[in-house]
2 protein chains.
Amino acid sequence: MSITANDPSKKSWIKVPENSDFPIQNIPFGVFLTRDDIITIGTRIGDYAIDLGALHQLGYFEGIPLTDDIFLQNSLNDFISDGKKTWRLVRNRISEIFEVDNPKLRDNEEHRSIVLFTLDEIEMQLPVQIGDYTDFYSSKEHATNIGSMFRDPDNALLPNWLHIPVGYHGRSSTIVPSGTRIRRPKGQTLPKGADKPEFGPSKMVDFELEMAFITTDANKMGESISVAEAEEYIFGLVLFNDWSARDIQKWEYVPLGPFLAKNFASSISPWIVTLDALEPFRTESPKQEPAPLPYLKQEGKRSFDIHLEAAIAPKDGTLTTVARSNFKYMYWTMAQQLAHHTINGCQVNSGDMMGSGTISGPTPDSYGSMLELAWQGTKPIALSNGETRTSIQDFDTVIMRGYCEKAGLRIGFGEVSTQLLPALP
Amino acid sequence: MSITANDPSKKSWIKVPENSDFPIQNIPFGVFLTRDDIITIGTRIGDYAIDLGALHQLGYFEGIPLTDDIFLQNSLNDFISDGKKTWRLVRNRISEIFEVDNPKLRDNEEHRSIVLFTLDEIEMQLPVQIGDYTDFYSSKEHATNIGSMFRDPDNALLPNWLHIPVGYHGRSSTIVPSGTRIRRPKGQTLPKGADKPEFGPSKMVDFELEMAFITTDANKMGESISVAEAEEYIFGLVLFNDWSARDIQKWEYVPLGPFLAKNFASSISPWIVTLDALEPFRTESPKQEPAPLPYLKQEGKRSFDIHLEAAIAPKDGTLTTVARSNFKYMYWTMAQQLAHHTINGCQVNSGDMMGSGTISGPTPDSYGSMLELAWQGTKPIALSNGETRTSIQDFDTVIMRGYCEKAGLRIGFGEVSTQLLPALP
């Protein structure tokens with residue numbers, strides 16, 4: 001089935017501002033609270049949110065096999081369970097409905113007043129109920145930076161890194177959407193030179209610039225998914241800030257990995273951009289040497305050219321972009337990650353989320369965390385208001401953005417913006 | 001409110017076999033499929049399962065604030081959300097209903113025929129929908145054994161171990177109830193002396209003898225739970241077999257912890273025994289030296305005297321008990337684990353599960369895994385049929401049991417029994 005929604009020549013009767021992340025070719029999916037306090041599933045074109053629950057009730061999805069309440073839910077899990085064919089039918093239909101020459105909704109003022117919301121009328125929610133959340137560690141530059149700092153610059157990558165898309169399980173209960181303010185975590189740390197840990201608020205709160213993909217039901221327990229078929233089970237992507245407390249992490253993480261250093265909060269952008277919408281931006285992933293084991297071998301373009309930025313806004317609101325990276329730097333692709341995750345028979349469900357790991361690029365201004373940008377505190381980052389940062393301070397807001405751009409077409413993710421509040425007393 | 005259900009002198013009009021894990025003083029909670037293919041929440045006395053959904057519809061819980069459908073659900077999550085006061089009221093009421101001298105249900109044949117099931121008429125399900133699952137590493141003997149094998153016998157514990165209840169996140173999607181057969185996982189391993197990994201079915205599948213507790217909604221994100229109040233948020237305990245593939249684990253676990261080596265399957269016993277039912281078996285936990293930081297300090301008896309056993313039954317069905325341990329050996333208590341887990345503001349929800357980590361005792365026959373029992377394969381374990389084991393073989397069934405016993409009162413967990421099938425081709 002062709003993805004007619006991706007036709008770059010299409011225009012919408014909804015005015016789309018220049019440089020918008022949400023032209024009619026995007027059609028992401030999210031969940032929002034309407035002005036009437038109703039939760040619904042929706043999409044976005046330009047600066048309008050569109051209530052898909054209402055559109056469905058008004059009959060605009062006639063002919064597509066959907067249950068009556070598929071969009072009248074507080075998560076996308078059931079819709080995602082319907083599978084790629086359905087996602088495509090729905091995206092194509094939405095594209096038709098909002099195409100500039102289609103009068104059906106355009107000229108029906110009553111329907112428009114039911115279906116369309118300005119952004120200030122809605123409140124974005126978490127788009128999925130995340131059953132399990134896994135975070136990978138798939139940027140070679142990031143793993144090399146961390147290895148250089150904490151182990152040995154000449155031997156920065158651990159022996160398994162080039163063979164395995166290394167990953168670990170994170171906590172679902174503290175994944176929050178953009179706009180949810182979070183608290184500085186308290187915990188144990190071992191001060192330099194001390195032989196006993198101390199307790200208090202973390203002194204080194206950091207962001208990690210990541211993306212995450214959302215899966216559909218992919219397999220039964222005991223079964224695996226091949227690299228070749230993996231993308232069939234990926235619904236779409238969000239921006240992901242994997243908040244980290246470096247001082248807590250350093251003390252706790254041996255031998256079982258990060259725990260309280262990460263699970264106090266993780267923030268995602270609220271609109272899931274489908275893999276279909278990203279299709280025009282496919283690109284090669286970095287050459288893998290040594291060649292991975294056969295179950296991880298891939299062919300063709302399996303990455304996406306997505307520009308990523310992280311910015312810090314202190315209390316005064318001035319904004320400084322501190323990192324510019326790209327999703328395509330990831331050494332291990334999403335298809336390899338999902339194939340690896342299931343090679344042991346691990347079951348993947350609708351609404352599961354898998355993070356990329358911090359995406360650092362080759363240059364110091366493309367590193368995806370303050371730990372790397374300020375190189376363990378040795379190179380403070382200058383903000384535009386004259387302050388400097390080696391980590392995130394109370395009341396700072398961290399804003400991440402991401403977008404693809406090519407031949408006049410821009411498909412973006414909006415932002416994930418999160419303010420850090422002081423620890424509770 | 002007193003726990004009248006715990007009165008040791010009580011007897012039930014349901015015949016309870018000698019040495020049953022389920023006298024009228026237990027009253028655990030579980031979820032089962034009835035002979036009519038209906039999912040319901042139930043309890044167990046002797047060898048009878050009791051349909052609490054039906055009991056409630058028949059009015060037996062009158063006066064207790066419960067929603068009409070609280071027991072007609074496929075998980076205990078909502079009931080657990082109701083909180084400890086409600087759990088206690090319901091357990092006390094069940095105890096009353098089944099007390100030998102109470103004729104109300106005893107003499108109502110029609111009601112009895114609706115409410116009571118023999119065990120062969122039902123199929124036990126997963127008792128909770130597990131949102132997040134955490135596994136701790138809280139047995140000092142186990143951590144010491146692992147450290148001795150893989151690092152340095154004179155320096156077996158890592159520096160953080162005596163200060164932190166070390167834990168990590170596991171995967172919820174592959175937690176299955178007793179009776180669900182599992183597959184040997186495939187994955188990458190690094191053969192001894194090799195410089196490149198190879199791929200295939202794990203050659204070292206192991207069990208881990210653990211228990212796990214189930215929580216209720218404990219806190220909001222950003223807030224913490226103190227050690228003193230932690231037990232208020234623990235609903236009860238199950239037996240837990242944390243299946244592990246040692247060869248996969250060894251290659252993958254640095255630096256982010258176990259992943260595919262664990263997430264192929266984890267098995268639990270289906271009846272949650274409440275903390276209330278375990279009250280008579282409270283005992284001291286091991287003395288903690290050095291004293292933990294103030295937020296982890298505890299007073300009183302915070303552990304429970306629970307005998308634990310692991311047995312192996314090969315294809316021929318002969319059973320050999322290979323390990324005898326006890327929950328009370330755990331260095332860090334559940335209260336400390338939960339307080340630590342939330343000290344950074346991590347939110348804990350109803351139905352979350354937290355594993356103890358392998359519970360090894362002080363003697364070689366009390367070790368909780370084949371890795372320790374057979375000491376890395378150097379001391380094969382003899383089975384009663386003449387075979388030996390250093391790890392679990394295809395078609396072996398691993399059975400774990402647990403019970404408390406004191407002054408003629410026995411409160412048990414039943415079993416978690418899991419057969420290992422060969423890897424899929």
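1. Chain B of this predicted model contains an open sheet of 5 strands in the order S9-S26-S25-S20-S21, with mixed pairing, where strands are DSSP runs of E of at least two residues and helices are runs of H or I of at least four residues, both numbered from the N terminus. Two strands are taken to pair if DSSP finds at least two bridges between them. The edges of this sheet are S9 and strand S21 (320–326) of chain B, each of which pairs on one side only. S9(B) runs parallel to strand S26 (residues 409–421) of chain B, and 2 bridges join them; B:Arg183 stands opposite B:Leu421 in S26(B).

2. A further open sheet of chain B, also built from 5 strands, has the order S4-S3-S2-S1-S5 with antiparallel pairing. Strand S4 (116–118) and strand S5 (123–124) of chain B form its edges, each pairing on one side only. Strand S3 (residues 48–51) of chain B pairs with S4(B) in the antiparallel sense over 3 bridges, and B:Tyr48 is the residue that stands opposite B:Thr118 in S4(B). As background to both sheets, strands pair through backbone hydrogen bonds, either parallel or antiparallel.

3. On the basis of the model: residues are numbered from 1 along each chain as its sequence is written, and chains are lettered from A and ligands numbered from 1 in the order in which they are written. Local features need pLDDT of at least 70 and side-chain atom pairs count only at pLDDT 80 or more, whereas totals for chains, interfaces and linings use all residues, and side-chain values use heavy atoms, with hydrogens and water left out.

4. As to confidence, the mean pLDDT of chain A is 97, and 100% of its residues reach 70 or more, pLDDT being the predictor's confidence in each residue on a scale from 0 to 100. The model scores ipTM 0.97 and pTM 0.98.

5. At the interface, 58 residues of chain B are in contact with 59 residues of chain A, contact meaning heavy atoms within 4.5 Å. The two chains bury about 5,500 Å² between them, with 65% of it on carbon and sulfur atoms; buried area here is the accessible area (1.4 Å probe) that two parts lose on being put together, summed over both.

6. The count of salt bridges between chain B and chain A is 4, each defined as a side-chain nitrogen of Lys or Arg within 4 Å of a carboxyl oxygen of Asp or Glu. One of them links B:Arg171 with A:Asp132, the closest N and O atoms being 3.8 Å apart. The elements that give two or more residues to the side of chain B that touches chain A include strand S7 (167–170), helix H8 (246–252) and helix H10 (334–342) of chain B, and the largest share, 4 residues, comes from S7(B).

7. Some backbone details deserve a look. The peptide bond from A:Val254 to A:Pro255 is cis, with omega near 0 degrees, and A:Pro255 is found in the loop between helix H8 (246–252) and strand S16 (266–268) of chain A. In chain B, a cis peptide bond joins B:Glu289 and B:Pro290, with omega about 5 degrees, and B:Pro290 lies in the loop between strand S18 (282–283) and strand S19 (303–304) of chain B. A:Asn19, although not a glycine, has a positive phi of about 65 degrees, and this residue is found in the segment before strand S1 (30–33) of chain A.
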